[in-house]
Amino acid sequence: MNASFRFFKVDTPELLKEIYRLRFKVYCEELNFLSPENYPDGLEIDEYDPYSIHFAAIDHEDEVIGTIRLIKGTDIPFPIEVHCKLDIKINGNGLSRKNLAEISRLAVSKKYRKRVDDGRTGMESYPIAKASEEERRELEMKEFRRKRPEIVLGLYRMMYYESKLNNITHWFAAMEKKLWEVLNRYGILFTQVGEEVDYYGPVIPYLGQISDLEKYIYQRNPELYKSVFLAGLDPRYWPEFIKT
């Protein structure tokens, strides 16, 4: 990963406050998804934060410039259950609430979102190649080496590490289709599990199975999987197809 960015699991009140402040800037001031008046202290906090694992990206100036969270499975419904009509049932279809987490509140600082239509993450405007499969793979690898989305991939790496350590086997995510296309381009595979809804803008509910995601990333982009997702992960948690 780019040495300009560092990625952390948030474990101090001070760092937690900084990610809440970044979420306020992105969700309330820039994208107008939430009303600033509801957060007079400039910190965007909701009822799911106490049940979440938070992650931060920090740049060379020691500024928090990216964040994401994993909402853990509890007795409280996931946000995706509240806002979307899902085609699957939890505690069915091989899903267990204790092994589920929902990806939420992905945000990247405005100074790292260069394009007009970059959205909240800095990834939405990445072009999708219209070419043959062989040409597409070649273009993907050139783009990957030249200008991969370091911040979002770094945050996903941290979520992957934490999920492996905590036996989280599936991720829910409600995201824009453009973001799904870019993640899929890098082998981060999610399957649609419901119809599009208006939830902080138009989003589609998706489900990712981590074991499938590992295989798909490795098959599609082994350089990405080895250099990003395996780097720093205790070999005990590597998937079996890597160990053998």
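Contact here means heavy atoms within 4.5 Å, and by that criterion residues 24 or more positions apart account for 69% of the contacts in the protein with a separation of 6 or more. This is a predicted model, in which local features need pLDDT of at least 70 and side-chain atom pairs count only at pLDDT 80 or more, while totals for chains, interfaces and linings use all residues. Residues are numbered from 1 along each chain as its sequence is written, and side-chain values use heavy atoms, with hydrogens and water left out.

**Exercise 1.** Work out how helix 6 is placed against helix 7, and which residues make the contact.

*Solution.* Helices are DSSP runs of H or I with at least four residues, and strands are runs of E with at least two, both numbered from the N terminus. Axes are lines fitted to C-alpha atoms, for helices over the stretch in contact, with angles from 0 to 180 degrees between N-to-C directions. The axes of helix 6 and helix 7 (residues 222-230) come within 5 Å and cross at roughly 120 degrees. Helix 6 is therefore oblique to helix 7, since angles under 35 degrees count as roughly parallel, over 145 as roughly antiparallel, 65 to 115 as roughly perpendicular and the rest as oblique. Helix 6 contributes Glu214, Ile217, Tyr218, Gln219 and Arg220, and these meet Pro222, Leu224, Tyr225, Lys226 and Phe229 of helix 7.

**Exercise 2.** Classify the arrangement of helix 4 and helix 7, then list the residues in contact.

*Solution.* The axes of helix 4 (residues 150-165) and helix 7 come within 9 Å, crossing at roughly 70 degrees, which means that helix 4 is roughly perpendicular to helix 7. On the helix 4 side the contact is made by Leu153, Tyr156, Arg157, Tyr160 and Tyr161, and on the helix 7 side by Leu224, Tyr225, Val228, Phe229 and Leu230.

**Exercise 3.** Describe the second largest pocket by its volume and its lining.

*Solution.* On a 1 Å grid over the protein atoms alone, a pocket is an open set of points where a 1.4 Å probe fits, with protein on both sides within 12 Å along at least five of seven lines, and lining residues have an atom within 4 Å of a point. The volume, the space filled by probe spheres set on the points, is about 160 Å³ for the second largest pocket. Eleven residues line this pocket, and the closest to its centre are Thr191, Leu207, Gly208, Gln209 and Asp212. Strand 8 (202-209) and helix 6 (210-220) are the elements that give two or more residues to the lining, and strand 8 gives the most, with three residues.
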